[in-house]
Amino acid sequence: METKMDTGKENKPSANPTTIERKSDRELVVTRTFNGPARLVFEAWTKPELIQRWWTPKSMGITFVACETDVRTGGGYRFVFSYQGSEMAFFGKYLEVIPGSRLVWSNEEGGEGGTVTTVTFEDKAGETLVLIHELYASKTALDEAMATGAIGWSAEQFDQLDSLLTM
Amino acid sequence: MVQYTQGRSTQGRFDVSFAALSDATRRGVLEQLGRADASITDLAEKFDMSLTGMKKHVVVLEHARLVTTAKVGRVRTCKLGPRRLEEEAAWLHKYRQLWDARFNALDQVIEELKQKETGNGNKDGHRKRK
């Protein structure tokens, strides 16, 4: 455990633990319990004004430029972030919405075969167990995310570098 | 035009990885080896390249420990190297940091929503929680 996580917030018990598991070649699963009813946790995952307060941690230097959600099955979402002076857009569709219990969305900014994320909210006597399941399009897609993520460069950035180097 | 810096420092290792990954063919080779081990001849054919050209790419990947090779009989077989595992561990670490940071902020949002709800249910409105 990193001591860095202990920010010493007053009258707050230490944060609930996060578990992360690579379930298969294509799947990652994250779990975390929150001290509130599923109804409220779901709200925080779906209302733009609330999403903007936690989805992009300040420590990463990323801020929201736009955040739109149309939370119903088949509805779309669009997040635009600003990072080091440039903007990046993330968008896709809500594939399934069950208020207070289940949210499934696709990532479409990378074209076809993006990641599908399923989030379930399980109410346990006023607390909520959140399970995030990320299904990558292929083993290669997850491997690539890991390989480029570790160095902090995306395939697209390498491609840009390629074109610069061959000029 | 294959160049790489050798060094034992972290920066040196980074440069080596960076140089290795900054080439589209070499990224393609890694992708290919992610599916199955292959000989240099297989790779040269797949990427429509001379055996010598492919050997150079494989050497760069070997230096970055992204690929290991073993000669069995007359065939040199390539497979993903230990660096891939280190990358996976590093990536998972970053991924965890991202979610931890998000969740800590989310805890606060949920706490506020709870307080707001309690406040609304209470006609006096201003009563403070202990």
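This is a predicted model: local features need pLDDT of at least 70, side-chain atom pairs count only at pLDDT 80 or more; totals for chains, interfaces and linings use all residues.

Me: Start with the layout. What makes up chain A, and what makes up chain B?

Reply: Chain A has four helices and eight strands, in the order β-β-α-α-β-β-β-β-β-β-α-α. Chain B has five helices and three strands, and its pattern reads α-α-β-α-α-β-β-α.

Me: How much of each chain counts as buried?

Reply: In chain A, 17% of the 167 residues count as buried. For chain B, the figure is 22% of 130 residues. Buried here takes 20 or more other C-beta atoms within 10 Å of a residue's own.

Me: Why is A:A137 called partly exposed?

Reply: Count its neighbours: A:A137 has 15 C-beta neighbours inside 10 Å. Exposed would need 12 or fewer and buried 20 or more, so a count of 15 lands in between and the label is partly exposed. This residue sits in the loop between strand 8 (127–135) and helix 3 of chain A. Leaving aside neighbours within four places in sequence, A:A137 is in contact with A:G113, A:G114 and A:T115. A:A137 and A:E112 are 25 residues apart in sequence, with 9.0 Å between their C-alpha atoms.

Me: Over to chain B. How do you know that the span of helix 2 of chain B agrees with what a helix should give?

Reply: Helix 2 covers residues 24–35 of chain B, which is 12 residues. At 1.5 Å a residue it should span 16 Å, and its end C-alpha atoms are 17 Å apart, so the two agree.

Me: Why can you say that the buried residues of helix 2 of chain B line one face?

Reply: The buried residues of that helix are B:R26, B:R27, B:V29, B:L30 and B:L33. Looking down the axis of helix 2 of chain B, they fall within an arc of 155 degrees, so they line one face of the helix.

Me: What about helix 4 of chain B: how does its reach compare with the expected span?

Reply: Helix 4 of chain B has 13 residues and reaches 18 Å from first C-alpha to last, close to the 18 Å expected at 1.5 Å a residue. Its buried residues are B:M54, B:H57, B:V58, B:V60 and B:L61. Seen down the axis of helix 4 of chain B, those fall within an arc of 155 degrees, so they too line one face. The face turned away from the buried side carries the exposed residues B:L51 and B:T52. Just after helix 4 of chain B, B:R65 takes a positive phi of about 60 degrees.

Me: Now the cores. Which residues touch the most other members of the largest nonpolar core?

Reply: That core has 19 residues, and A:V41, A:A44, A:W45, B:L106 and B:I110 touch the most other members. Helix 1 (38–46), strand 4 (76–83) and strand 6 (102–106) of chain A, together with helix 5 (83–121) of chain B, each supply at least two residues. Helix 1 of chain A gives the largest share, six residues. A second, separate core of 14 residues includes B:V29, B:L43, B:V67 and B:C78.

Me: What is B:I110 in contact with, sequence neighbours within four places aside?

Reply: The list is A:F34, A:N35, A:G36, A:L40, A:V41 and A:A44.

Terms used
Residues are numbered from 1 along each chain as its sequence is written. Chains are lettered from A and ligands numbered from 1 in the order in which they are written. The expected span of a helix is 1.5 Å times one less than its number of residues. The arc is that of the directions from the helix axis to the C-beta atoms. A nonpolar core is a set of buried Ala, Val, Leu, Ile, Met, Phe, Trp, Tyr and Cys residues joined through C-beta atoms within 7 Å. Two residues are in contact if their C-beta atoms, placed from the backbone, lie within 7 Å.
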